[in-house]
Amino acid sequence: MPKRGGTEVFRITGARQGLSDDVRGRQRRYIISMTVRTLSVIAAAVLWNVERHVAIVALALGILLPYIAVVIANAGRESVPSLPSTFVPAPVRPALGAAEAAEGAATEAPYGRN
């Protein structure tokens, strides 16, 4: 809906998350992933002589988590598909009704083909 000056109106609900909030969220996810990695490596070291199968799984998790954490941290900004679009659509003019279209065709017929 354009205002009197012809400028577009924006919906605030369609605004994306701020950049600083996005970076803070990515840093938090990375720190959580690295904490889980550190705990899994410590668990692998502690459980190596006690339960070797669990220690191997923990060690594999400790090896794979840095790659996964970096991929998650470097993911782009999330878009929110459930929110409405940023722009308010312009009003649509109604189309001609069927009766008006038939009248227009009837008046043009004698001048068209026979």
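Biologist: Is aspartate 22 buried or exposed?
Modeller: Aspartate 22 counts as buried because its relative accessibility is 3%. Buried means under 20% relative accessible area, exposed over 50%, and partly exposed in between, using a 1.4 Å probe and protein chains only.

Biologist: What should I keep in mind about the numbers?
Modeller: This is a predicted model, where local features need pLDDT of at least 70 and side-chain atom pairs count only at pLDDT 80 or more, while totals for chains, interfaces and linings use all residues. Residues are numbered from 1 along each chain as its sequence is written, and side-chain values use heavy atoms, with hydrogens and water left out.

Biologist: Thanks! Where does aspartate 22 sit?
Modeller: Aspartate 22 is in helix 1. Helices here are DSSP runs of H or I with at least four residues, strands are E runs of at least two, and both are numbered from the N terminus.

Biologist: Which residue does the side chain of aspartate 22 make a polar contact with?
Modeller: The partner is the side chain of arginine 26, at 2.8 Å. A polar contact is a pair of N or O atoms within 3.5 Å; within protein, one must be able to donate a hydrogen and the other to accept it, and residues adjacent in sequence count only if both atoms are side-chain atoms. Aspartate 22 and arginine 26 also form a salt bridge, with their closest N and O atoms 2.8 Å apart. That term means a side-chain nitrogen of Lys or Arg within 4 Å of a carboxyl oxygen of Asp or Glu.

Biologist: And how are aspartate 22 and arginine 26 placed in the helix?
Modeller: They are four residues apart in helix 1, about one turn of the helix.

Biologist: Changing topic: what do the buried residues of helix 1 pack against?
Modeller: They pack against helix 2, residues 52–73. Serine 33 is one of those buried residues, with a relative accessible area of 13%. Leaving aside neighbours within four places in sequence, serine 33 is in contact (heavy atoms within 4.5 Å) with Leu65 and Ala69.

Biologist: How far does helix 1 reach from its first C-alpha to its last?
Modeller: It has 29 residues and reaches 42 Å, close to the 42 Å expected at 1.5 Å a residue. The expected span is 1.5 Å times one less than the number of residues.

Biologist: Now helix 2. Is leucine 64 buried or exposed?
Modeller: Leucine 64, which lies in helix 2, counts as exposed at 53% relative accessibility. Leucine 59 is also found in helix 2 and is partly exposed at 35%.

Biologist: How far apart are leucine 59 and serine 40 in space?
Modeller: They are 6.5 Å apart, C-alpha to C-alpha, and 19 residues apart in sequence. For leucine 64 and arginine 37, the values are 8.5 Å in space, C-alpha to C-alpha, and 27 residues in sequence.
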